[in-house]
Amino acid sequence: MDTVLKNRVTNALGKNPYLMGSSLEFKTERGQIILEGSVPSFFQKQMAQETLRFIDGITEIKNELKVRNSFPVSGFAVLNSD
């Protein structure tokens with residue numbers, strides 16, 4: 001079962017255009033998927049998890065992906081007044 005599930009996960013992650021440029025790895029154990037590695041943005045971290053959400057055989061997803069370029073949101077923008 002883990003081989004079939006690994007193939008499903010690999011195919012789903014590989015087909016998602018939002019995950020290009022990501023360093024994704026995962027482990028499977030009795031239906032549990034553990035996402036590891038790094039992605040450029042929080043959006044991509046969420047997309048990886050959402051991509052797997054409806055795959056048959058997955059009972060739990062642990063998203064341990066790290067965001068490489070995380071910038072704090074300040075709530076305001078600096079505009080050039082030239």
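Which side chain does Glu 36 meet in a salt bridge? The side chain is that of Lys 27, with N and O 3.4 Å apart; a salt bridge here is a side-chain nitrogen of Lys or Arg within 4 Å of a carboxyl oxygen of Asp or Glu.

The structure is a predicted model, in which local features need pLDDT of at least 70, side-chain atom pairs count only at pLDDT 80 or more, and totals for chains, interfaces and linings use all residues. Residues are numbered from 1 along each chain as its sequence is written, and side-chain values use heavy atoms, with hydrogens and water left out.

The pLDDT is the predictor's confidence in each residue, on a scale from 0 to 100. Its average over the protein is 86, and 83% of the residues score at least 70.

In the whole structure, a search finds three salt bridges. Besides the pair of Glu 36 and Lys 27, Arg 30 meets Glu 29 at 3.4 Å, N to O, and Glu 50 joins Arg 53, with the closest N and O atoms 3.0 Å apart. Accessibility is classed by relative accessible area: buried under 20%, exposed over 50%, partly exposed in between (1.4 Å probe, protein chains only). Arg 30 is exposed at 71%, whereas Glu 29 is partly exposed at 45%. Lys 27, at 47%, is partly exposed, and Glu 50, at 35%, is partly exposed.

The structure also holds one aromatic pair. The ring centres of Tyr 18 and Phe 43 lie 5.3 Å apart with the planes at 85°, so the pair is edge-to-face. Rings of Phe, Tyr and Trp (its six-membered ring) pair if their centres lie within 6.5 Å; planes under 30 degrees apart count as stacked, over 60 as edge-to-face and the rest as tilted. Distant parts of the chain are linked by this pair: Tyr 18 belongs to the loop between α1 (2-15) and β1 (23-29), and Phe 43 to helix α2 (residues 42-52), 25 residues apart. Tyr 18 is partly exposed at 46%, and Phe 43 is partly exposed at 45%.

Finally, Ser 38 lies in strand β2 (residues 32-39) and, at 16% relative accessibility, counts as buried.

Methods: Helix = DSSP H or I, 4+ residues; strand = E, 2+ residues; numbered from the N terminus.
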